[in-house]
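Open the model in a viewer and keep the selection panel at hand. The tour below goes from one selection to the next and says what is there.

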Amino acid sequence: MIPLLLSLLLAWPPGTGAQQDPLMPFMENLDADRNVILKWGFSEVQGTIMFQLTVKTTGWLGFGFSPNGGMAASDIVMGGVGPNGTYFMDYYATGNSFPLVDKKQSYTLLSLTEADGQTTMTFRRPIQSCDEEDFHIPDSPVKLIYAYGTSDDIRYHANRRGTKEVNLLKFMPRSSPPDSNYLDFVVENVTVPAERTYYHCKVMKVPKLNGKNHIYRIEPVIEHLDLVHHMLLYGCPSSVNQTYEKKCYTEGSGEDCIRVVSAWGVGGGLPGELPEIAGIPIGGQNNDEFYRLEIHYNNLAQEAGRRDSSGLRLYYTAQLRQHDVGIMTTGLMVAIGWGYAIPPNATAFHSYGLCNTSHFSDIMPDPVPDLSVFSVALHTHLAGRKVQAGHIRNGEQIDFLGLDENFNFEMQQATNLGNIKTIKPGDEIVVECTYNTTNRKGITQLGLATTDEMCLAFVFYYPAIPVTSCCSHPDMHAYMAMMGKTVDQNIEEMLKTAAWDQSSTAVHEATMKRVPQIGFIIDVNKNYSMYEGDIRNMTATLSVSCRSDPSSQAGPLAPFNNNMSPRGSGSWVVTSAAGSVFLMLWTTML
């Protein structure tokens, strides 16, 4: 099994509860007395970030970014509700004095209200602005500053000020419910064979819990970092009722365990948490009793006699959240033996996979709910260079669920979407992968080895539904017909022996996209439904360095590009490396 790397553990604020704003799901108290509250959300595609500052005052508000926590060289916005209406302005500070009005107003006011003794200011700005007087927001902690007055006469704030360091693009609070407990799913003293790649599986029975609980955090327990490449925990159906431990993907009922619960993988960062509004269910009458832990050992030196005791620690609470978390696999179906091929010597070969949610009702009862997506992880293997997951509604692309224009197999990260994206019944997800095979002499097939390929997007959402995967594969019979071949010809042999050049590769790619897609929807009990569909075209994207004016954006997918270097930050990378999750797809079905 070749897994894929996901960040399951995203940073989401405590205290947001059921009233979580889908556009601004993150929240932080900037002062100890909770008089100054900041909410925010961002769009990596649009390149903008939205803030809502609420302060217990009826006077002016000030908020900004500082290189050191002080006034000097800070980027500030101030506003309020005065006797003659609202006021709002972008400033910059050159020292410990009243800031100067920025000639280029890079902040856009969305609303300013005053009620019940507090003032709320909502505004938007670029993550990276082209204004030299603006602070460019990195994916590392930044020092936020605030101040406020008791009237609308903007003057010295006295002690009504403060600073707090927050990572806006990788926000990672840690909650500690009073009844918090954890379970360890680990192997004990496993002998790792003298093989470069070895998968070890252990089916365990979960200790009896007092009813249903929710997992809210997952951490790795690793003895040998140089051996453990990834770990994955699956929930098992009721047909699995015995424990065992042995090499993975051999005969055994544990192969029926296909519901991904949690995992960790090399390249991941610090552990994080799920949104407070949702958790992964564990325990209770309707949830799994047996779980399968799978560990991929990467013994590069092929040393004999090495032993390991590693696994996963799952923190859980009986304080149930509003929703169960679901994880759905989308993209190109890994159907071994179906004749899919990526030609050699290709600089940018494109593959596609389709998920049409209108067919969810084929295997689950109506009504199918709207799905709130909070994270997406993209995956290919070694030849992958770019992956994007387009969100289609009524035949037109409305957004990207995920986008990585510089894909790195060794550093696969789940993307914190920055705002909740809604998949409605009937929406489609199109996953496009770009490969480079200039260093290969033969074709690359779909498969489980790292030298094979995949093209997948893993969607983390709530509320959970029974669907575990929604993928497609090109109709290879239609492909053969379009290529003027007969169905009885061996397609795999034909592709292996073809004389690939730039022209034949282009024809092959275009034909694979043009033929109908055979879609498969699979649920937790391995029930499935099939359908046909077509690949939609997606909007071209450009890398972003800075944005000159967030309000000038023509639409959610309009491209943007500029080369202004950021002030007060390094390069911009909007991803979350809060942890890493590996998912395995359809091995039990193929």
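Is Glu405 buried, partly exposed or exposed? With a relative accessible area of 24%, Glu405 is partly exposed. Buried stands for under 20% relative accessible area and exposed for over 50%, with partly exposed in between, using a 1.4 Å probe and protein chains only.

This is a predicted model, in which local features need pLDDT of at least 70 and side-chain atom pairs count only at pLDDT 80 or more, while totals for chains, interfaces and linings use all residues. Residues are numbered from 1 along each chain as its sequence is written, and side-chain values use heavy atoms, with hydrogens and water left out.

**The whole chain**

Colour by secondary structure. The protein chain has 3 helices and 38 strands. Both are DSSP runs numbered from the N terminus: helices are H or I with at least four residues, strands are E with at least two. Of the 590 residues of the protein chain, 57% count as buried. Among contacts with a separation of 6 or more, 77% join residues 24 or more positions apart; contact means heavy atoms within 4.5 Å.

Select residues 26-29, which are β2, and residues 108-115, which are β9. They belong to an open sheet of 5 strands in the order β2-β3-β4-β10-β9, with antiparallel pairing. Two strands pair if DSSP finds at least two bridges between them. Both β2 and β9 stand at the edges with a single partner strand each, so one side of each has no neighbour in the sheet. From one strand to the next, the twist averages 15°; such angles run from 0 to 180 degrees between N-to-C directions, with axes fitted as lines to C-alpha atoms.

Next select β4 (residues 48-55) and β10 (residues 118-126), which are antiparallel and joined by 8 bridges. Val55 has Thr119 as its bridge partner in β10.

**Arg160 and its surroundings**

Go to Arg160, in the loop between β11 (142-148) and β12 (161-166). Arg160 is partly exposed, at a relative accessible area of 23%. Not counting residues up to four places away in sequence, Arg160 touches Tyr146, Ala147, Tyr148, Gly149 and Thr150. From Arg160 to Tyr146 the C-alpha distance is 8.3 Å, and the two are 14 residues apart in sequence.

**Salt bridges**

Show the charged side chains. The structure holds 16 salt bridges, each a side-chain nitrogen of Lys or Arg within 4 Å of a carboxyl oxygen of Asp or Glu.

- Arg155 and Asp153: the closest N and O atoms are 2.4 Å apart. Arg155 is exposed at 58% relative accessibility, whereas Asp153 is partly exposed at 38%.
- Glu405 and Lys386: the closest N and O atoms are 3.7 Å apart. Glu405 sits in the loop between β30 (396-404) and β31 (414-423), and Lys386 in strand β29 (residues 384-393), 19 residues apart.
- Asp226, Glu303 and Arg306: salt bridges link them in a network.
- Lys526 and Asp256: the closest N and O atoms are 3.4 Å apart. Lys526 lies in the loop between β36 (517-523) and β37 (528-533) and Asp256 in the loop between β18 (244-247) and β19 (259-265), so the pair ties together parts 270 residues apart in sequence.

Which residues of β37 are on the covered face? They are Ser529, Tyr531 and Gly533, while Tyr528, Met530 and Glu532 are on the uncovered one.

**Nonpolar cores**

Finally, select Phe360, Val376, Ile429, Val431, Val467, Tyr479 and Leu495, which touch the most other members of the largest nonpolar core, a set of 57 residues. Such a core consists of buried Ala, Val, Leu, Ile, Met, Phe, Trp, Tyr and Cys residues joined through side-chain atoms within 4.5 Å. Strand β32 (residues 428-435) gives this core its largest share, 5 residues. A second, separate core has 54 residues, including Ile277, Tyr297, Ile327 and Met333.
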